[in-house]
There are 2 protein chains.
Amino acid sequence: MQPEPATSALAAAVREAEEGVEEGGMPFGAAIVLDGEVIARGRNRQVQRGDHLAHAETEAIRECIERYGTVPAGAVLVATEGPCAMCAGAAVITGIRSVVVGEVHHFAGAVDLLRAEGVGVQILEDPICIDLVTRFRAEHADLWQRYSAG
Amino acid sequence: MQPEPATSALAAAVREAEEGVEEGGMPFGAAIVLDGEVIARGRNRQVQRGDHLAHAETEAIRECIERYGTVPAGAVLVATEGPCAMCAGAAVITGIRSVVVGEVHHFAGAVDLLRAEGVGVQILEDPICIDLVTRFRAEHADLWQRYSAG
């Protein structure tokens, strides 16, 4: 079953990515949506925190767990780029069954791993997400080079 | 190339797992070793912290990054059980190329994912690791049931 496009959640994820860039960080954001409502958000904080594991998706999952003690059944993870292998694994172990991805041109991540685990993945090819990273790569080539691998 | 068995690092990982159990948590420990020296340690803190993402391997990787700013090239991750998909992904994105696993009877994890990414995996079938989880499952069946999936 394909998840709904979850456009308000994508807007929340994009806003997280934009705020991350305003903080001097990477342009990756995520949100978790349940029944159309955004219940958690996260942004990549690798640069801000010096923590290579502080990815947008794990930050959103962690916020969700802090609030609800778990990721509620039926929750959808929305990410501006393809989740990496760590974030895909975090989605799998917390029972997330649907992931919506803004775009995969700049960072495809581990979409195949999610699908192999039976997680539904919808790729939006969203022009705002594509533009966000295109601009970031042009303006912050050094940061992209240093941090986009992880 | 197979990594060395890294027995002192396995002992450190086992000690982390044991201390986790003493704290009321799960019996999973990890250590990172470089040139025979243990440079970081971690234990599963899902129960202690209420954080489903606080796995032994990610805790060890995070401690390593806090100390050195990165996971040094050549570092080996040693874990008492097979790392889950999230932890395997965290190893991949931090450049870890060798993983030593205490045993895989109780929790095989995502060893296949690591190997698919070209990471060397050595499985020790260590009797201390096997016994640690065997005893834990007998004495704490409720916790095992609740937390061993993630």
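Helix α4 (residues 85–93) of chain B is mostly covered, with 8 of its 9 residues buried. Here buried means under 20% relative accessible area, exposed over 50%, and partly exposed in between (1.4 Å probe, protein chains only). Helices (H or I, at least four residues) and strands (E, at least two) are DSSP runs, numbered from the N terminus. This is a predicted model, in which local features need pLDDT of at least 70 and side-chain atom pairs count only at pLDDT 80 or more, while totals for chains, interfaces and linings use all residues; side-chain values use heavy atoms, with hydrogens and water left out. Residues are numbered from 1 along each chain as its sequence is written, and chains are lettered from A and ligands numbered from 1 in the order in which they are written.

The buried residues of α4(B) are B:A85, B:M86, B:C87, B:A88, B:G89, B:A90, B:A91 and B:I93. Their cover includes α4 (85–93) of chain A, together with α3, β3 (76–81) and α5 (111–116) of chain B. Just after α4(B), B:G95 has a positive phi of about 80°.

**The two copies**

Chain A is superposed on chain B by a rotation of 180° with 0.0 Å of shift along its axis (RMSD 0.0 Å). The two copies are thus related as by a two-fold rotation axis. Leaving aside residues up to four places away in sequence, A:M86 touches A:L53, A:H55, A:T58, B:M86, B:G89, B:A90 and B:I93, where contact means heavy atoms within 4.5 Å. The copies meet through the same surface, because 100% of the interface residues of chain A are also interface residues in chain B.

A:M86 also belongs to the largest nonpolar core, which has 78 residues. Such a core is a set of buried Ala, Val, Leu, Ile, Met, Phe, Trp, Tyr and Cys residues joined through side-chain atoms within 4.5 Å. The members that touch the most others are A:I32, A:I61, A:M86, B:I32, B:I61 and B:M86.

**Salt bridges**

Side chains of opposite charge can pair when their charged atoms come close. A salt bridge is a side-chain nitrogen of Lys or Arg within 4 Å of a carboxyl oxygen of Asp or Glu. The structure holds 24 of them over all chains. The table gives some.

| Pair | N to O distance |
|---|---|
| A:R43 and A:E23 | 2.4 Å |
| A:D51 and B:R62 | 2.8 Å |
| A:E63 and A:R67 | 3.4 Å |

A:R43 lies in strand β2 (residues 37–43) of chain A and A:E23 in the loop between α1 (7–22) and β1 (29–34), 20 residues apart. A:R43 is buried at 8% relative accessible area, whereas A:E23 is partly exposed at 42%. Both belong to a network of salt bridges that also links A:R15, A:E16, A:E18, A:E19 and A:E22.

The second pair crosses between chains, from A:D51 in the loop between α2 (46–49) and α3 (56–68) of chain A to B:R62 in helix α3 (residues 56–68) of chain B. A:D51 is buried at 9%, and B:R62 is buried at 16%.

A:E63 and A:R67 are 4 residues apart in helix α3 of chain A, so about one helical turn separates them.

Notes:
Least-squares fit on C-alpha atoms with pLDDT ≥ 70 in both.
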